[in-house]
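Me: I would like to go through this structure with you, one topic at a time. Could you take my questions as they come?

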Amino acid sequence: MALKIADEPVTGDVGVHSQHAAVLHAVKHAAHLLPSQGPITVFVHHNTLHAFEDLDFEKGVEAGGRLYACHAYLTEEKYRQMLSRGRIRVADLEAVLIDDLADEAALFVALFGTRYALRLAMMQFPFLTGPDEELRWMIAETDALRRFRPEVEPSIRDQMINETRKWVLRDLQENTTARKPAIDVVGDVWEQFDRRSIESWSDQAWETLVLNFLWRVCERGVRLAYEQLPLREAQQESRRHRDALMRVTGEDADILVHDVLIPFCAAYVDQGFADWELPDRHDGFYASFLQLYGNSFASPTRWMGKLHGEARRLLDSGQGPLESIEESLGLLGVNQTERDEFIAQSLLALRGWAGMIWQLETEAEWAPWPVPEGCLIEYLAIRLILDRLAVAQVAQEAIGFNGPLSDLRAEAARHARMQASNPSDGRVFPVFHLAQVRGWKPEDLQHLSQEHWVTLVREINEFSALERRRVFHLAFERKYRNEILDAVIAHAKSRRADPVGDPKPTRKSTVPDYQIVCCIDDREESFRRHLEECDPRCETFGVAGFFGTAMYYKGVADAHFKPLCPVAVKPLHYVVEEPLFSMQADADFRAGARRRLGHATHQAHYRSRTFLGGVITTLAGSLAAFPLVARILFPRLTARIRRWAGGMVRPPMTQLRLERLDPEPGQSNGQLGYSIDEMANIVEGVLLAIGLKGRWSRLVAFLGHGSSSLNNPHESAYNCGACSGSRGGPNARAFAQMANDFRVRTRLAQRGLTIPEDTVFVGGYHDTATDSVTFADLDRLPVSHRNDFLRLSATIAEVRARNAHERCRRFVSARLDLSPLDALRHVEGRAEDLSQARPEYNHATNALCLVGRREWSRGLFLDRRAFMSSYDPSQDDIRGTILEGILRPVIPVCAGISLEYYFSTVDVEGYGCGSKLPHNITSLVGVMSGAASDLKPGLSAQMTEIHEALRILFLVETTPEVIARIIRENEQISRLVDGNWVQLAVFDADTSTIHRYVDGEFVKHEPESHELPQVASSFDWYRGRRDNLGVAEISSS
Amino acid sequence: MNLDTAFFMLGLTVVISPSALLAMMGASSLVGLPLSERWLARFTQAAVALGLVGSLGILFLMLVTDQRNVPVELGNWVLIPEQHFQFHLKFIFDRLSVPFAILTFVLCGTIGAFTSRYLHREAGYGRFFLFYALFLLGMTVATLAGTIETLFLGWELVGLSSALLVAYFHERPNPVRNGQRVWTVYRIADAAFLIAAISLHHLTGAGDFEALMGSGPWPEGVASISSSHALSVGLLLLLAAAGKSALIPFSGWLPRAMEGPTPSSAVFYGSLSVHLGAYLLLRVSPILEASLLLSLAVVALGLASAVFGSMAARVQVDIKSALAFASLTQVGIIVAEIGCGLRYIPLIHIIGHACLRTLQFLRAPTLLQDYHSMENAIGARLTRPPSLWVRLVPDRARTWLYRISMERGFLDTILDEYVVKPFLALFRWSDRMERRWTDLLSGGESRESDEAKLHPASPEEFL
């Protein structure tokens, strides 16, 4: 290498190389900050602030909020609403504040009381904030200076009035020595009152006087304080030229840039929607952009002309993207020290699109139109070219700046207007309000020195809105956490003392009539609860919904394999569904019919948008009026007709190709499926994990789940998270078939896990939107077990209606007095309704994850807020190997769901994807809001509207030692748990004690209450209620 | 009850029901008692059903009695004899207006039912339905108008409600920007329309279509004005139609209008509003027939828009823009058909196109699922063989065409650069002159608004 470039100036070349490396490094680093959601068809819940997981939660949300200009917590107003509705109690605020302040709680703030008391008052009582104009209006036009605030306690109010009256009559009326300083402060206010009739003043008049005095004193004090305090804390300045210009001129150079960049990005990442492919797409982002903008004719406007000239120049000079980035940075005057940050900010300016490019480049090799490596660099090169052209144009038009762009930021700063230098009324209000609620009398305040005022104002400023929201958030979490932990303790105690229902610990040997294994999903909590309520003789389990069966799966009517396992797992095995061997001919015929229909639909789909095809389709378009009206006015009927018509081409009965013939797994014919040993491993793993051993029912049902809906680009997000956003039915079906296989059972028996001969497994699928349950391979059910199955399906029929009924309480459009059957019809209708923006509420309200035996949680009403994973510590070894296997996927997956909901809830426009209503599917990879916008990752307002932003609480049945080891040895778990992105507690079922994991220590939880409300059934508890419900004990299960 | 009374009553029902709906919604929010979602939906359904029944009744009676032209007079509302001006409220039910009115009610009814669920729990629910009622009334009035001033009234209401619905999500900047753009284009169209209407008044002494079109029910009327007058008035009306139907050179607003909730995009830009320009041309078709030049201009504009639309539709990668340009293509063809002297075919085309496009728009969010199920049915990725002319056109020209289509024909950019900018420059110059003058008079800074801060400071709102 050194020899090769010997002729050239070595240092220069090395310099260029290292500079390129620096740019590459900066881009890679910034890419990490981009949204990590890939194409929307594979929606995986993940922590929106994944990039900040190295930090502690509180630091992370602040840093993330600052970077993305998003909210870190809910708004203060929302928390205050919760406070007034009792979702947060004052006791929680007190406890959290004491905890938060630790030793500083008792610190005295000048003469104003303890820091704790001040902060509590600031939390408890809202004070007005807003633009100065609004506050000035408040003073002039409202009762702010005539009446005490409503939350001021009457005793404080009376005392203040009385004391002030005394003071006024004593000091101000008479010509005493104390009069002079007081008059200096409040003199002009005093002048405005009619003092002659002071003896006969009403209380009203006194109140007004007190408040006016108070305002005047506070105003003076705050002014004194700001003589020594900085008016505005130094804000982190954005480095982009566009922001500097925007601050000065209000003109947004990004509008120009995005008008070009958004359509081009969309065209570049298009996965096959547009009829015409982007020319020269295969040359890469950078080259095809330059070709498109540099090669076509000169453009009609100045901006377009400039762009054309620049693209032409770059094409002619043959500059690559990295050189171009260097050049742009140089022209913009970005120096080495700020380079990384500048690049990050430039990429984040359109973070949805940049993130999608990065995702397609790195994670989506399966995409039909993949994006080559290095695309994000090329994107940045183009972005910077556009940025500098647009900035130059705006600068010239708005402030007549024609100099080199490297001077632009300095020039813009010169243009920036001076900030107003008076402490505004806005800063007086908090003090004024605090004085009222804390009962600070004007008489006392007027004597305070400047230092005192400085201390007070600084104290108030330090407890900023962000800090208050943080404390509110902690208090909110505390309320829910204590409620749940208390309930679990009380419930476990009461069950031990008075074991009602099945299975009783004393009758542990008695076998439940049947066992049902569901996904750990929070939506299955109510399903399982209703099963146990309907039929107390059944037992339910929860396990990650791919049932250990990681596979690429292709259904009989599917075109492609799709992974059915958590995203972190890369499946090795391929499974296909095929028609029964005897029905092959029929199946082929139907497949042919489907193919012809598919082609016809496809033709109609895109021809209707063309010239001639459009004429033909639209002349006959009146026929579309029938499906249009029918589908919207009669969705359920239409769906039934469509199903009936679809039945003619639906594939006939099928089976899974599960057993592999060749030694190595793969996609070709003989390589499909698993070997018997692999099957045995899968079955053993799952059965051990859920602790199903020794107590076998005759029938064990496994239910995968998914969700059906129409007009829903986010459909994948509603499906099973453990199946990469697909439906988990095939996994349950495959698992049941494996577990029924006698060869598998033989092998398991050899390993000491004997499944009795009369235990039969069935696989099924639960649709969480319509609450339908379908079972697979029923023809293989032994005749001896038909009655067991009929009993099971009768229970499920009842449970479906009950579950639908409980879900309907959340849908405002469903009346509260629906019967269970009507509720079932209602939820079925939702999934088939084109106009339904909320087919179901998905994971909204999730807040809890229980890992342990069902015994101690059975009969608890958890309001569909809990993920529940079964685990029996008595069957685990001392190190907790099984538990580790469970938690390794469960903690990251549940944390991902919880945190994605958290962030999309606290800032639905910034972190989430905003309202669903104007969504516009683009390039088949994501949604924009309206005609053209950044790509919107995250969850929509309709998905999160009933969610409560909480960090998930894991409650694991194990010992502190075991969990400490698991945290220590699993980096991913440790990041989440030690970084406080999730909450964790361990439960000891024998002693009914709970230890919370707080900053690496285990702290025993002391229950606040030992009573749990008891009701006969879930229905009795939720009846007539739409909001979040507390925990109750259901006696019928 | 004789036949005339029956016609009158039915006609009145058709017009009154949307007016009553608008009045009720407007009044309830005006007095601070906003209606609940359920009642809004019910009232809307009732109004649409009533209107639909009324128009179907009229259709039935017209078929039975073989009457082809049924006027419903509501008298002169403004009468200034000295100025030869009257505001004459009159509605006609004929072969053109009745199918169009029925289409309006069917589509609006469907969209209303759709929206009542789609917008559930939305803060702007009432606002949407207020605009919806405004739109419904505008459409009904414009469709059934018997005089040009009545048509203008409906035309304005439709324009207003459309622009407001584009800007429905007014908390984000883009919808507002685009809503304003739509509104601006509409104003230009309105201005042209207004001038045309006044010219017609001058030429014929009244805005009555009957007086204007001479004898005979639609489409057999014969214009009673000279060919050159027809050309000048017709060109103005063509300009108005072009603005409303997003024909060249105004096409740029159509994809930008996709900012509102999906159903409003469907009803306004996919189906009804976008056809209003074509409807206007159909209504004044006798004028077209009076001037060959005018007809040629109509055909040319229609075809140009259709070609442009189909090209632009091919490069769009988002579903709503693709559908918007597909709509434009068909509207262009419809306009061209009208220019060719066809009457019933464009009407059928409008109705078919409106229904199909509405369905497609409402299903737009299903695109991914549709692609998925088509792929599954076919058993492979969806591919299309490159169409013939793509294979024939050389590379360089294709890049060219792609660029033009992608930039949407540069229509917006050209309008901005060569119409809007000079216009703004002129007004800014006037503003500067005025400021100088007032500064001189007041002897110092005379504008308080200069002091206003650009961005109200709110350091703690974020985070």
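Me: What is the handedness of the crossing of helix 8 and helix 13 of chain B?
Reply: The crossing of these two helices of chain B is right-handed. Please keep in mind that this is a predicted model.

Me: At what angle do helix 8 and helix 13 of chain B pack?
Reply: The angle is about 15°, and the axes are 9 Å apart. Angles under 35 degrees count as roughly parallel, so helix 8 of chain B is roughly parallel to helix 13 of chain B.

Me: Which residues meet there?
Reply: From helix 8 of chain B come B:Ala230, B:Leu231, B:Gly234, B:Leu235, B:Leu238 and B:Ala242. In helix 13 of chain B they meet B:Leu293, B:Leu294, B:Ala297, B:Val298 and B:Leu301.

Me: Staying with chain B, where is B:Pro249 found?
Reply: B:Pro249 lies in the loop between helix 8 (227–244) and helix 9 (253–256) of chain B.

Me: Is B:Arg408 buried or exposed?
Reply: B:Arg408 counts as buried, because it has 22 C-beta neighbours inside 10 Å.

Me: Turning to chain A, what about phi of A:Ser923?
Reply: A:Ser923 has a positive phi of about 55°, although it is not a glycine. The loop that holds A:Ser923 runs between strand 13 (919–922) and strand 14 (926–929) of chain A. A:Ser923 is buried, with 25 other C-beta atoms within 10 Å.

Me: Now the sheets. What is the strand order in the open sheet of five strands?
Reply: The order is 2-1-7-8-9 in chain A, with mixed pairing. Strand 2 (538–542) and strand 9 of chain A are the edge strands, each pairing on one side only. From one strand to the next, the twist averages 25°.

Me: How many bridges join strand 7 to strand 8 of chain A?
Reply: Eight bridges join strand 7 (residues 699–706) to strand 8 (residues 760–767) of chain A, and the two run parallel. As one example, A:Gly704 has A:Tyr765 in strand 8 of chain A as its bridge partner.

Me: Which helix packs on that sheet?
Reply: Helix 23 (residues 523–534) of chain A does, touching strand 1 (514–518), strand 2, strand 7 and strand 8 of chain A. The direction of helix 23 makes about 165° with that of strand 2 of chain A.

Me: What is the order of the open sheet of three strands?
Reply: The order is 11-20-19 in chain A, with mixed pairing. Strand 11 (860–861) and strand 19 (1014–1015) of chain A stand at the edges with a single partner strand each, so one side of each is left without a neighbour in the sheet.

Me: In which sense do strand 11 and strand 20 of chain A pair?
Reply: Strand 11 and strand 20 (residues 1032–1034) of chain A pair in the antiparallel sense over two bridges. The bridge partner of A:Phe861 in strand 20 of chain A is A:Ala1032.

Methods:
Residues numbered from 1 in each chain as written. Chains lettered and ligands numbered in written order. Predicted model: local features only at pLDDT ≥ 70, side-chain atom pairs only at ≥ 80, totals over all residues. Pairing = 2+ DSSP bridges. Helix = DSSP H or I, 4+ residues; strand = E, 2+ residues; numbered from the N terminus. Buried ≥ 20, exposed ≤ 12 C-beta atoms within 10 Å, placed from the backbone. Axes fitted to C-alpha atoms, helices over the stretch in contact; angles between N-to-C directions. Parallel < 35°, antiparallel > 145°, perpendicular 65-115°, else oblique. Left-handed = near helix turned anticlockwise from the far one by under 90°. Contact = placed C-beta atoms within 7 Å.
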